[in-house]
Amino acid sequence: MTLFTIGTYYRRYLLNAVENLDSSILDNNDDEAVVEHGDERLDIKTIYTSWSGIMITATSAGISIIASAVVMRLIYRSAKGLKNSAYHRILFGMSAADIVQSLALAFTTLPMPKDMIYTNYQGLILGNNASCLTQGFMVCFGVITGLMYNAMLSLYYLCFIRYNMSNEDFARWIEPL
């Protein structure tokens with residue numbers, strides 16, 4: 001099955017779902033969606049909504065937090081430390097971003113609002129909208145910051161290997177950018 005075929009099936013599924021909407025879903029008076037609790041479209045069952053998916057996510061996030069903390073401690077206690085090595089500063093930032101993202105992922109379903117419309121989550125749900133938004137912000141912040149540090153690490157290797165730039169020159173000319 002090709003990617004085009006999968007996209008076609010998905011498009012047909014979405015069109016069919018839109019055509020099958022009944023008038024009880026949308027209240028025309030105030031333009032807000034009214035959700036029926038018996039709606040089968042809200043009954044989503046995946047690995048991510050099961051206990052096994054929640055435990056896998058929490059365990060791998062915990063391992064990632066520990067590993068990133070070890071990397072940060074090794075860098076901090078190294079002979080060069082953070083002041084004398086741009087490479088160490090980049091890895092330290094990557095590890096810090098990974099800790100932020102992994103910490104948010106480790107909470108799994110805890111920050112989700114109790115009054116959400118999806119009913120099949122097997123994890124413990126104790127949050128509200130603010131805690132859910134905070135978790136989402138932490139995940140996005142960690143991912144974007146980690147990607148930026150990864151790009152900086154690639155630039156560091158390009159300058160160091162291809163252009164024979166010294167650590168001091170990289171710290172003076174490239175790193176402030």
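What you see is a predicted model. Across the protein, pLDDT averages 82, and 76% of the residues score at least 70. Where pLDDT is low, the predicted coordinates should not be read in detail.

How do the spans of helix 2 and helix 4 sit with the expected values? Here they are in a table.

| Helix | Residues | Number of residues | First to last C-alpha | Expected span |
|---|---|---|---|---|
| Helix 2 | 51–77 | 27 residues | 39 Å | 39 Å |
| Helix 4 | 129–162 | 34 residues | 49 Å | 50 Å |

In helix 2 the span is close to the expected one, and that is also said of helix 4.

Now look at which residues are hidden. The buried residues of helix 2 are Gly53, Ile54, Ala61, Ser64, Ser68, Met72 and Ile75, and they pack against helix 3. In helix 4, the buried residues include Gly142, Thr145, Gly146, Met152 and Tyr156. Helix 3 and helix 5 (167–174) are among what covers the buried residues of helix 4. As you compare their numbers, keep this in mind: an α-helix has 3.6 residues a turn, so residues three or four places apart point the same way.

The two ends of helix 4 are worth a look as well. At its start, a side-chain oxygen of asparagine 128 comes to within 3.1 Å of the backbone nitrogen of alanine 130. After the helix comes asparagine 164, with a positive phi near 50°.

**Two residues with a positive phi**

Most residues other than glycine have a negative phi, and most peptide bonds are trans. Asparagine 164 has a positive value although it is not glycine, and it sits in the loop between helix 4 and helix 5. Threonine 108 also has a positive phi, near 40°, and belongs to the loop between helix 3 and helix 4. Which is buried and which is exposed? Threonine 108 counts as buried because its relative accessibility is 17%, under the 20% cut-off. Asparagine 164 counts as exposed because its value is 65%, over the 50% cut-off.

**The largest pocket**

Threonine 108 turns up again in the lining of the largest pocket, along with Tyr48, Thr109, Met112, Tyr121 and Gln135, among others. This pocket has a volume of about 220 Å³. Which helix gives the most to its lining? Helix 2 does, with 3 residues; helix 2 and helix 3 each supply at least two. Gln135, another lining residue, is one of the buried residues of helix 4.

Finally, find threonine 49, in the loop between strand 2 (32–33) and helix 2. Threonine 49 is buried because its relative accessible area is 5%. A polar atom of its side chain lies 2.9 Å from the backbone oxygen of threonine 46. Beyond its neighbours within four places in sequence, threonine 49 is in contact with Ile44, Ile54, Asn120, Tyr121 and Gln122.

Methods. Residues numbered from 1 in each chain as written. Predicted model: local features only at pLDDT ≥ 70, side-chain atom pairs only at ≥ 80, totals over all residues. Heavy atoms only, no water. pLDDT = per-residue confidence, 0-100. Helix = DSSP H or I, 4+ residues; strand = E, 2+ residues; numbered from the N terminus. Expected span 1.5 Å × (residues − 1). Buried < 20%, exposed > 50% of the residue type's maximum accessible area, 1.4 Å probe, protein only. Contact = heavy atoms within 4.5 Å. Polar contact = N/O pair within 3.5 Å; in protein donor to acceptor, adjacent residues only side chain to side chain. 1 Å grid on protein atoms, 1.4 Å probe; cavity = no way out; pocket = protein on both sides within 12 Å on 5 of 7 lines; lining within 4 Å. Points joined across faces, edges and corners; volume = space filled by probe spheres on them.
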